[in-house]
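Let's take a walk through this protein together, one piece at a time. Have a look at the sequence and the model before we start.

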Amino acid sequence: MAILNGLMGLVRSESGNQPLDVEEARSTAFLSVCEVGKALHRGQPVGSLWASAIAATEHWMALAK
């Protein structure tokens, strides 16, 4: 759960003044992290979901630089 909390902190929007592609990438990362959280809550496997959440977050972070 600590890793999930860390990812959630990364995908919070700092301002509403980001270009559309950056905001779309941020929201995709946020939703991916939420999917991990839902699966963990339900006791479902999260292996592939982790990979998607991390990839989406890394993509967003690269665009946000």
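Helices here are DSSP runs of type H or I with at least four residues, strands are runs of type E with at least two, and both are numbered from the N terminus. Ser 48, for instance, lies in helix H3. Before going on, a word about the model: it is predicted, so local features need pLDDT of at least 70 and side-chain atom pairs count only at pLDDT 80 or more, while totals for chains, interfaces and linings use all residues. Residues are numbered from 1 along each chain as its sequence is written, and side-chain values use heavy atoms, with hydrogens and water left out.

Now the overall plan. The protein chain has three helices and zero strands, giving the pattern α-α-α along the sequence. How much of the chain is buried? Of its 65 residues, 26% count as buried, where buried means under 20% relative accessible area, exposed means over 50%, and partly exposed is in between (1.4 Å probe, protein chains only).

Let's go inside. A nonpolar core is a set of buried Ala, Val, Leu, Ile, Met, Phe, Trp, Tyr and Cys residues joined through side-chain atoms within 4.5 Å. Which residues make up the largest one? Val 22, Ala 25, Ala 29, Ala 56 and Trp 60 do, five residues in all. Helix H2 (20-42) and helix H3 (47-64) each supply at least two residues of this core, and the largest share, three residues, comes from H2. In soluble globular proteins, nonpolar side chains tend to be buried together.

Leaving aside neighbours within four places in sequence, Ala 25 is in contact (heavy atoms within 4.5 Å) with Ala 56, His 59, Trp 60 and Leu 63. Ser 32, also found in helix H2, is buried with a relative accessible area of 16%. Not counting residues up to four places away in sequence, Ser 32 touches Ser 52, Ala 53 and Ala 56.

Turn to H3 next. Which of its residues are buried? They are Ala 53, Ala 56, Thr 57 and Trp 60. Seen down the axis of H3, these buried residues fall within an arc of 100 degrees, so they line one face of the helix; the arc is that of the directions from the helix axis to the C-beta atoms. On the other side of H3, Gly 47, Ser 48, Glu 58 and Ala 62 are exposed. Ser 48 has a relative accessible area of 58%.

Last, look for charged partners. A salt bridge is a side-chain nitrogen of Lys or Arg within 4 Å of a carboxyl oxygen of Asp or Glu, and by this rule the count comes to two. In one of them, the side chains of Arg 26 and Glu 23 meet at 3.0 Å, N to O. Arg 26 and Glu 23 are three residues apart in helix H2, so about one helical turn separates them. Arg 26 is buried at 18%, and Glu 23 counts as buried at 19%. Glu 35 and Lys 38 also meet in a salt bridge, at 2.9 Å, N to O, and they too lie in H2, three residues apart, about one turn of the helix. Glu 35 counts as partly exposed at 36% relative accessibility, and Lys 38 is likewise partly exposed at 36%.
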